[in-house]
Number of protein chains: 2
Amino acid sequence: MIAPSPAALDALKNALGPAGWTQDAFEIAPHLTEWRNRWTGETPILLKPASTDEVARLVTICAEHQVAIVPQGGNTGLVGGQIPYGEVLLSTRRLRTVRDVTPLDDAMTLETGITLLEAQQRAASANRYFPLSLAAEGTATVGGVISTNAGGTQVLRYGMMRDLVLGLEAVMPNGEIFHGLKRLRKDNTGYDLKQLLIGAEGTLGVITAATLKLFPIMRSRAVAIVGLETAAASIELLARAKGETGGGVEAFELMKRLGTELVLRNIPDTREPLDSQPEWSVLIEIASGSPGGAEAQLTALLEVAFEEGLITDAAIAQNDAQRAAFWRLREEHSAALKPEGGGWKHDVSVPISRIAEYIDEATAAVERFHPGARVSVFGHIGDGNLHYDVLPGVGQDIPAFIARWKEGSQVVHDIVARYDGSISAEHGLGRLKTEEAKRYKTPLEVSTMQAVRKAIDPQRIMNPDVLF
Amino acid sequence: MIAPSPAALDALKNALGPAGWTQDAFEIAPHLTEWRNRWTGETPILLKPASTDEVARLVTICAEHQVAIVPQGGNTGLVGGQIPYGEVLLSTRRLRTVRDVTPLDDAMTLETGITLLEAQQRAASANRYFPLSLAAEGTATVGGVISTNAGGTQVLRYGMMRDLVLGLEAVMPNGEIFHGLKRLRKDNTGYDLKQLLIGAEGTLGVITAATLKLFPIMRSRAVAIVGLETAAASIELLARAKGETGGGVEAFELMKRLGTELVLRNIPDTREPLDSQPEWSVLIEIASGSPGGAEAQLTALLEVAFEEGLITDAAIAQNDAQRAAFWRLREEHSAALKPEGGGWKHDVSVPISRIAEYIDEATAAVERFHPGARVSVFGHIGDGNLHYDVLPGVGQDIPAFIARWKEGSQVVHDIVARYDGSISAEHGLGRLKTEEAKRYKTPLEVSTMQAVRKAIDPQRIMNPDVLF
């Protein structure tokens, strides 16, 4: 990375005045380290534009001076795509205007420095629902969530972030503003350029505002944790649940016993949900447009599943507190791994029908590769998305285990590839996985992405080390 | 358009042998005229590949010889994007293999010459639902429907074709095969290249197979036609219906009295649905995951809407025959215009909240521009999509009226642009609207699309006269 010239830095500073930038190491520090402390970067300057026009002015200067830019939202990304290594850092957090909320359009237009939680709250105050939900939602920004096409727990019914964006405004790599903030559900007038920007991890421009889809608030909601003997049974149950509710399943989260045990051991105020302590359990959430409909559907579903021997145990949450407690068991799975010495973490997806087979094959391969290793499997199996984490065996040497992480991950990912899966289902590639992804992409895919990127950012100034 | 050289034609003929091409004028003729007889093209040869490899061989030859190609599916497009004017014509209709149907994945992979109706039937035979539905579905192919990002009557709940595609296989303009037939719901590993091919109207490659999303079959379904005094009331009713059913509205179709009258007059075996003959009516279809749920929700909705004065009249279909009769009133709207001397047809979208205002303003402008003209408005207002058609006044000179079509359409489209709408909501641009779309796109949008196209098809051999 070539450092920006003094002239370029002066131009950037003069563009916005003192409120628009900082070189104060203390202020910049939290922007350079991501929350798992895996990445610590460096930058000559933190740019803090407060409007789309200010972003455009900055990017124009960078384009003129061939200065590379890393855009950053809430800095909650898990693959290091938001961390600069010498590039100027452009934070979108001061882009905070709510442009409009129109309930009749089921749409709201927000600038992208607004957090995901704030976006959900803004929708709720208009008597609407914005479904995307993930652990970091209090800090993650709308812009970051769009740039990484984030997923989370509500994808099964409502889709990824890509599916929730009606329109975008962005500053393109030459500094021009793309005005695409349409509130339309249908528009077939050429290539859908916003689809390129979504999930581009900041490599094709800086997204400054977005029009998001809103949904009606459901009339009833019910949550259960059920026990099963095999992962394969959970897939049958999923198909059954979708059919019986006409698509009313909002979440379907698999948990292996090891993960549940670690949560119960390492996270305070958690309780065993099922006395039978089954090897596999699933958290199901159903929502319905009819008052009382969700509870009725869930009860009927579980009764039939019991009779047919598909499930061995079940507990339906009786109130909001119990619902929250059930969800906490699932959501604390990542945090519960830390005290065990960390692990080789994977965010993979495979076709839903092949999940059980995949788990068996990958686990056998991991055990051959590193005898004694423990496998924690959990995740959004309603979307085919597994968080497949490998932990050191009890008493094993942890640094030696961590040192085998890259090799071990290839074992896991090679099997994903054979199952026509994805090595990054919802986190993106960033700095962490770009190189590895090249192993699994065809030359045609890589060269097409490179050609498209070059067409839009011929100087490659946008997040140059990320993606292809 | 430069005609292909004799050497190029020979290479194409030799590539597949006699089953793979024809120059027989009688066989080619139906491929050159679209169903409204607006376009009649010409081609030196009709290519009829029966596999992806055959498509790849043909496109490779075309790339080597710089021969332009128009891909064609069922030839039901309404904007002439599938009609060659000197290009070689590549029909995808012989790509007819069902690659797989996996109900546990809610997915099926089909080659793209299969018709939309056959796709729906294939899903139904696996006890699943494929929702995209439109008048031409018996002839329109999966490939054509993807290439034009088609809409239809079920978009409100299930989305456009773009939202229903999990993966694609395509032959790129250099003849290489893009293998993207993933059955995954989540895959964040670089730019989502399939999004470029969807809706590209054949300008970026030939789509040869697709993996489509399937849905559970709903447990109950109810249809009503309701009368309203104003178009604005229908928008209030839509919001109310979505809220009361938790997103269970599958179709919400507005009809103005003039359109209903023309259907009753010009289409045999149709009956007045509401004795009150309201100025505006709406066809609502609700579906639910609970047996009996749809009827209960629809009845409750209409009772409240009545009490509040939002609707003036309503009839709920009592059986399948009545449901079909109600739908027929809506679906025959286009056909019913023909005997009136045709019209200036528009497929526009505007934000849902502004539909009523848009109709008023556009209609006043049309009446100023062509006094006496009659306006028929109908369409998928749940998606903000209006088919806004202008008919000659009774007794007016029809050829003189038709001659003003282009000018009159600009009146309609200029107002659409001021409402941040789209001049082609679901039909695409094709040969019909590409020029006009340039009036409403920004230079940045046009130049970005051109740059992306050039990156993927540097020789511009794919459908060169369509899009930018």
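# Two chains about one axis

The model is predicted.

**How the chains meet**

- In chain B, 82 residues are in contact with 82 residues of chain A.
- Of the interface residues of chain B, 100% are also interface residues in chain A, so the copies meet through the same surface.
- The size of an interface is often given as the accessible area lost when the parts come together.
- Here chain B and chain A bury about 6,600 Å² between them. Carbon and sulfur atoms account for 58% of that area.
- B:Lys186, B:Asn188 and B:Tyr191 supply 16% of the area that chain B buries against chain A. That is more than any other three residues supply.

- Ten salt bridges are found across the interface of chain B and chain A.
- One salt bridge joins the side chains of B:Asp383 and A:Lys186, at 3.5 Å from N to O.
- Between chain B and chain A, 34 residue pairs are in polar contact, counting pairs with both residues at pLDDT 80 or more.

**What builds the chain B side**

- Five elements are listed as giving two or more residues to the side of chain B that touches chain A: helix 6 (155-158), strand 8 (177-180), helix 7 (193-197), helix 8 (231-245) and helix 17 (443-456) of chain B.
- Helix 17 of chain B gives the most to this side, with nine residues.
- By class, the side of chain B that touches chain A has 31 nonpolar, 27 polar and 24 charged residues.

**A sheet in chain B**

- Four strands of chain B form an open sheet in the order 1-2-4-3. The pairing is mixed.
- Strand 1 (21-22) and strand 3 (69-72) of chain B are the edge strands, and each pairs on one side only.
- Strand 3 of chain B runs parallel to strand 4 (residues 88-91) of chain B, and four bridges join them.
- B:Val70 stands opposite B:Leu89, which is in strand 4 of chain B.

**Salt bridges in the whole structure**

- Over all chains, the structure holds 62 salt bridges.
- One of these lies between the side chains of A:Asp105 and A:Arg183, at 2.8 Å from N to O.
- A:Asp105 sits in the loop between strand 5 (98-102) and strand 6 (107-111) of chain A, and A:Arg183 sits in the loop between strand 8 (177-180) and helix 7 (193-197) of chain A, so the pair ties together parts that are 78 residues apart in sequence.

Technical notes: Residues are numbered from 1 along each chain as its sequence is written. Chains are lettered from A and ligands numbered from 1 in the order in which they are written. This is a predicted model: local features need pLDDT of at least 70, side-chain atom pairs count only at pLDDT 80 or more; totals for chains, interfaces and linings use all residues. Side-chain values use heavy atoms; hydrogens and water are left out. Contact means heavy atoms within 4.5 Å. Buried area is the accessible area (1.4 Å probe) that two parts lose on being put together, summed over both. A salt bridge is a side-chain nitrogen of Lys or Arg within 4 Å of a carboxyl oxygen of Asp or Glu. A polar contact is a pair of N or O atoms within 3.5 Å; within protein, one must be able to donate a hydrogen and the other to accept it, and residues adjacent in sequence count only if both atoms are side-chain atoms. Ala, Val, Leu, Ile, Met, Phe, Trp, Tyr, Cys and Pro count as nonpolar, Asp, Glu, Lys and Arg as charged, and the others, Gly among them, as polar. Two strands pair if DSSP finds at least two bridges between them.
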